[in-house]
Amino acid sequence: MSSAPQDVPVTEERIRIRYGETDQMGHAYYANYFYWFEQARGTWCRERGFSYREMEAKGYMIPVVEAHANYKGEVFYDDWIRVRVWVSEIKRASMRFDYEIINESTGKVTTTGYTWHVLIGQEHKAVTMPTEIREWLTRDPREHPTVP
């Protein structure tokens, strides 16, 4: 996985690592990276003028069906990280979010990853992405008010 293409809007979420998010060695526990991906994904949506809650109110959900993380460096208790997220692919009924985590104390990318999501309807089966949802996912955040 590489950095976001130049023409793709990227969202950044800044997070301080809490003590409870580390293991006995003081490193960020590996599973917490997926929570940070999720937190950044929620911010990504809000920057485009919608929220998961609004999508669910319309009868749609986007569960994760595949998740991957590649750990390249260290993150410790009390470090500040920036989680960068962008959509790298949208298909008929699915989408892929890509992530980079940068440790602010070193300036280095410590983790990369992605999650695939399938759009499901009220019957919990994959559905073709409606025009409205596709429009939400392709919005330029500079053109829409952020949802609080």
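**The aromatic rings**

Mentor: Happy to! Let's begin with a cluster: Tyr 33, Trp 36 and Tyr 71 are linked by ring pairs. Rings of Phe, Tyr and Trp (its six-membered ring) pair if their centres lie within 6.5 Å; planes under 30 degrees apart count as stacked, over 60 as edge-to-face and the rest as tilted. Keep in mind that this is a predicted model, where local features need pLDDT of at least 70, side-chain atom pairs count only at pLDDT 80 or more, and totals for chains, interfaces and linings use all residues. Residues are numbered from 1 along each chain as its sequence is written, and side-chain values use heavy atoms, with hydrogens and water left out.

In total there are eight aromatic pairs. One of them joins Tyr 29 and Tyr 30 in a tilted arrangement, 4.7 Å centre to centre with 50° between the planes. Phe 37 and Tyr 99 form a stacked pair, because their planes are at 0° and their ring centres 4.1 Å apart. That pair links distant parts of the chain, 62 residues apart: Phe 37 belongs to helix α1 (residues 32-47) and Tyr 99 to strand β4 (residues 94-103). Helices (H or I, at least four residues) and strands (E, at least two) are DSSP runs, numbered from the N terminus. Both Phe 37 and Tyr 99 are buried, meaning under 20% relative accessible area, with exposed over 50% and partly exposed in between (1.4 Å probe, protein chains only). Tyr 29, at 38% relative accessibility, is partly exposed.
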